[in-house]
Amino acid sequence: MGVHSASERVLAGLDPEQRAAVTAPAGPVCILAGAGTGKTRAVTSRIAHRALTGEVSPRHVLAVTFTARAAAEMRARLTALGAQGVQARTFHAAALRQVRYFAPRLLAGRAMPELLDSKARVVTLAAARVGLRADRAAARDLAGEIEWAKSSLVEPGEYVVAAAKALRDTPHEPAKVAEVFVAYERLKRANGVIDFEDMLRAAVWGIEEHPDVAEQVRTQYRHFVVDEYQDVNPLQQRLLEAWLGGRDDLTVVGDASQTIYSFTGATSAYLVDFPRRHRGATVVRLVRDYRSTPQVVGLANAVISQARGTEARLRLELRGQRPTGPEPELRIFTDEPAEAAAVATRCRALVDAGTPAREIAVLFRTNAQSEAYEKALTEAEVPYVVQGAERFFERAEVRQAMVALRAATRSIPGETPLRAAVVEGLSAVGWAPDAAPAGGAARERWEALAALVQLAEEYAASPPVLPIGEAAAVERPVTLADFNDELARRAAQQHVPTVEGVTLASLHSAKGLEWDAVFLVGLSEGTLPTTYARTAEQVEEERRLLYVGITRAREWLWLSYAVARSPGGRARRPSRFLPQLDRSGGGTERAGAGAATKRVERRRPQVVSCRICGATLLAGPDRKLGRCPTCPSDIDQDLYERLHDWRARMAGSQKVPAYVVFTDATLVALAERRPGRPEELIAIAGIGPRKLGLYGEPVLALVGGAAVDDVCPEKTFEIEP
């Protein structure tokens, strides 16, 4: 095939707007691409067309995007189009490659510092240096603030003013966060490590301060493409400008209406201002939506048409290209359990009618909303997978709470109302009903434990009927012990391996994905928009989240909200973003009345002390081991080795990875704490009722001194379904 015919093949099948984007002249090009309009096809076709016509050499092109998955897809498409040799990478991967290459020159022969995979450990130490105790959730929130600051080119000494200007919802007083920031930077330098933002800065510094490096980089890369340009942060933009070095052969692709990551430092300002910053730029708008039906597209347009603010200046009105489909449904329920049950019922019907479970998604604003849908889908016998988050009963805070509730049965009177007993039991892990923290990981943790309280309310409203003797039956109030049994049953059910299932995902983690059928749930004021959206800009970002959710659906779309969170609870208003759809055909769907609740006084959390030095332990892993991470381990090395050998045999017989049996941390905890009874065994995080039943007997025998051969008979162990 000749060059001309190959380039024409690239253009075949493109619509007029896509063709205009592909054939735009060299220089600054801005492709405003709405959801489902074929932006990846357009941008890869542009690169391939330029390469095949000889306008550019593939090895001189650098295409950057934000996820490894998107970069891999771009490389695959370019190869299929005949444009091999183009570098398609994430910002971080491209920067890391360059820093490693130039490290010997920039560091005068010194070794390149180690790159941190996660900030959490260093942040935890930095917090301790300034007098803060940071558990895993608090460390994540502090790390997020530091990442925002560094991505926004904010130095530690500038953080307080910058956070106030940006209206940041900080996990501690801004001055205290700044102290943690300073301590974090010092610890990194002392330990010879860098984080991802340091690595991006190093790439910028190498180019800006070393002319020889700049010349080599700019000779290699002469043509640039940036995907998802609305998600660029100031640090990434500075790196892009360093790469360009004043040149203007730059193609950017983005959609201001899908700007939903501003809390991380991302800003659509560079996309919005592109024509002003690059005079004479070619601007192409892709508006033909090939993903969704006209009905879904119409709803998306209706929602985003009300947008205000900077991003609204680039708002696109999509035009659906698919055949007509069903109208989106708006459903109203009396409470969230009824909403979840109805969603599960409809998922069951869709699957039974032939829709693959993998083509169905339930999308919500926060990960804490996941539990209700995990429960409802389990009861409806619909398989599911959780996107971008751990399953509810696998979360560390939920596992710790279940241990605390089991321990509370020994101290809380049996006649205590269930909700009160659960609230009192959760006080041992620091949870209180009137102490919801600010947004972030700490808020997610609080919401997850609040979901256990709500579950207790629902369980108490439908007490079990228990047999007495052989003929009679009596209904009695449920106890905390009953509720613990119920939690164990639910946890065991939700460990069922799932090959294919309905996707449960937050709206943020659903970005870039699509399904045949989408349920958008929990669309009430206070949830979407969240109560933390206080400014006009923050409210508009919440609107864009709903827009992103709507545009994930190809054919079938359900929107719903519950009047109350729990049966009989306080009424809420529907989300202000919902359009006035036809609400006939069912009205409000009712559920049974909920149990009355009573205010419970907050109790001090249970103190767990290090068994070595006596210090108070707050972090989950430390409480699991029963000692500070810096205190010497009193591990029984012989027991640890026998446990390790036993785990390897179990994993081999079950044909699963070793960590599925027990994680390394759990083995260490067993060898250090040496439990002698089942209740001591199950008190270790990572060992729930299911694993106690599967492995409790051999583990206790090993702790008691048994040999591995004595507890590993020839029979094959089977995982219960």
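Me: Among contacts in the protein between residues at least 6 apart in sequence, what percentage join residues at least 24 apart?

Reply: The structure in question is a predicted model. Its chain contains 29 helices and 21 strands, and 52% of the 721 residues count as buried. Among contacts between residues at least 6 apart in sequence, the share that joins residues at least 24 apart is 77%.

Me: Are H5 and H10 parallel, perpendicular or oblique to each other?

Reply: Two packed helices are described by the angle between their axes and the distance between the axes. For helix H5 (residues 91-106) and helix H10 (residues 196-209), the axes come within 9 Å and cross at roughly 60°. The crossing is left-handed. Angles from 65 to 115 degrees would count as roughly perpendicular and those under 35 as roughly parallel, and H5 and H10 are therefore oblique.

Me: How many nonpolar, polar and charged residues make up the contact of H5 with H10?

Reply: On the H5 side, the residues in contact include Phe91, Leu96 and Val99. They meet residues of H10, among them Phe196, Trp205 and Ile207. The residues of this contact divide into 12 nonpolar, 3 polar and no charged.

Me: Which residues form the covered face of strand S13, and which the uncovered one?

Reply: In a regular strand the side chains alternate between the two faces of the sheet. Strand S13 spans residues 384-387. Its covered face holds Tyr384 and Val386, while the uncovered face holds Val385 and Gln387.

Technical notes. Residues are numbered from 1 along each chain as its sequence is written. This is a predicted model: local features need pLDDT of at least 70, side-chain atom pairs count only at pLDDT 80 or more; totals for chains, interfaces and linings use all residues. Side-chain values use heavy atoms; hydrogens and water are left out. Axes are lines fitted to C-alpha atoms, for helices over the stretch in contact, and angles run from 0 to 180 degrees between N-to-C directions. Helices (H or I, at least four residues) and strands (E, at least two) are DSSP runs, numbered from the N terminus. Angles under 35 degrees count as roughly parallel, over 145 as roughly antiparallel, 65 to 115 as roughly perpendicular and the rest as oblique. A crossing is left-handed if the near helix is turned anticlockwise from the far one by less than a right angle, and right-handed if clockwise. Contact means heavy atoms within 4.5 Å. Ala, Val, Leu, Ile, Met, Phe, Trp, Tyr, Cys and Pro count as nonpolar, Asp, Glu, Lys and Arg as charged, and the others, Gly among them, as polar. Buried means under 20% relative accessible area, exposed over 50%, partly exposed in between (1.4 Å probe, protein chains only).
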